[in-house]
Amino acid sequence: DKYSENPRSDFVLCRNQHGIPTAVYGDDVWDLNPYRLSSKQLTKITFSSINSDGRNIDFHDHLTSEIKHILYHVMYYSGSGITGRISASTLTQYFYNLKSLAIFCTKQLDNDLAKGITIIDVLSNVSYVKAFLAREESSKFTKKQTSSLLTILNQIGNERIGFQPCS
């Protein structure tokens, strides 16, 4: 595996009040609700939602592994937030941002110049980031989330995450 410091697939990210795991690194669904700071319920992170068309399974599996890798590092190494950790709602927003990046990468499979680019490729290349943000469907919120994610990834550092994000 080219990534640095990925946990084992059975690594527990989050447990409920009874000690039952609600988010395990290798699982398809992460329920971060016990991790949240507010009383508002969060949508569960569902990684299978990344591959909505059911095609290119190996490519989508790779994109899913990149998303998990990034979320794990943001969750454990960002040092953000009041408690020194990032909030569960912010992590969920980053998931949706990374899911948008995965969809962008999938659409590039038909582009001879960018065929097979991955989320890490995009986050590591200013031109790809600009192309992602220049899409019609990119909102101001998407732009802000992407910028925030890149800032956090740069703070974590390429030695820990295994790639050099754009700054």
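**Exercises on core and helix packing**

The largest nonpolar core of this predicted model comprises 47 residues, and those with the most contacts inside it are Ile70, Leu71, Val74 and Ile119.

**Exercise 1.** Determine which elements give two or more residues to this core, and which of them gives the largest share.

*Solution.* Step 1: the elements that give two or more residues are β1 (12-15), α1 (57-77), α2 (88-107), α3 (119-123), α4 (126-133) and α5 (140-156). Step 2: the largest share of the core, nine residues, comes from α2. Leaving aside residues up to four places away in sequence, Ile119 touches Leu63, Glu66, Ile67, Ile70, Leu98, Leu101, Ala102 and Cys105.

**Exercise 2.** Classify the packing of α1 against α2 from the angle and distance of their axes, and describe the residues in contact.

*Solution.* Step 1: the two axes come within 10 Å and cross at roughly 150°. Step 2: angles over 145 degrees count as roughly antiparallel, and α1 is therefore roughly antiparallel to α2. Step 3: the crossing of α1 past α2 is right-handed. Step 4: α1 contributes Phe59, His60, Leu63, Ile67, Ile70, Leu71, Val74 and Met75 to the contact, while α2 contributes Leu91, Tyr94, Phe95, Leu98, Lys99, Ala102, Cys105 and Thr106. Step 5: by class, the residues of this contact are 13 nonpolar, two polar and one charged.

**Exercise 3.** Carry out the corresponding analysis for α1 and α5, starting from their packing angle.

*Solution.* Step 1: α1 and α5 pack at about 70°, and their axes are 10 Å apart. Step 2: the range from 65 to 115 degrees counts as roughly perpendicular, so α1 and α5 are roughly perpendicular to each other. Step 3: their crossing is left-handed. Step 4: on the α1 side the contact involves Ile70, His73, Val74 and Tyr77, which meet Leu149, Ile152, Leu153 and Ile156 of α5. Step 5: the residues of the contact of α1 with α5 comprise seven nonpolar, one polar and no charged.

**Exercise 4.** Locate Ser167 relative to α6 and decide whether Ser167 is buried or exposed.

*Solution.* Step 1: Ser167 belongs to the segment that follows α6 (158-161). Step 2: the relative accessible area of Ser167 is 93%. Step 3: the cut-off for exposed is over 50%, so Ser167 is exposed. Step 4: as a spatial reference, the C-alpha atoms of Ser167 and Phe47 are separated by 27 Å, the two residues being 120 residues apart along the chain.

Terms used
Residues are numbered from 1 along each chain as its sequence is written. This is a predicted model: local features need pLDDT of at least 70, side-chain atom pairs count only at pLDDT 80 or more; totals for chains, interfaces and linings use all residues. Side-chain values use heavy atoms; hydrogens and water are left out. A nonpolar core is a set of buried Ala, Val, Leu, Ile, Met, Phe, Trp, Tyr and Cys residues joined through side-chain atoms within 4.5 Å. Buried means under 20% relative accessible area, exposed over 50%, partly exposed in between (1.4 Å probe, protein chains only). Helices (H or I, at least four residues) and strands (E, at least two) are DSSP runs, numbered from the N terminus. Contact means heavy atoms within 4.5 Å. Axes are lines fitted to C-alpha atoms, for helices over the stretch in contact, and angles run from 0 to 180 degrees between N-to-C directions. Angles under 35 degrees count as roughly parallel, over 145 as roughly antiparallel, 65 to 115 as roughly perpendicular and the rest as oblique. A crossing is left-handed if the near helix is turned anticlockwise from the far one by less than a right angle, and right-handed if clockwise. Ala, Val, Leu, Ile, Met, Phe, Trp, Tyr, Cys and Pro count as nonpolar, Asp, Glu, Lys and Arg as charged, and the others, Gly among them, as polar.
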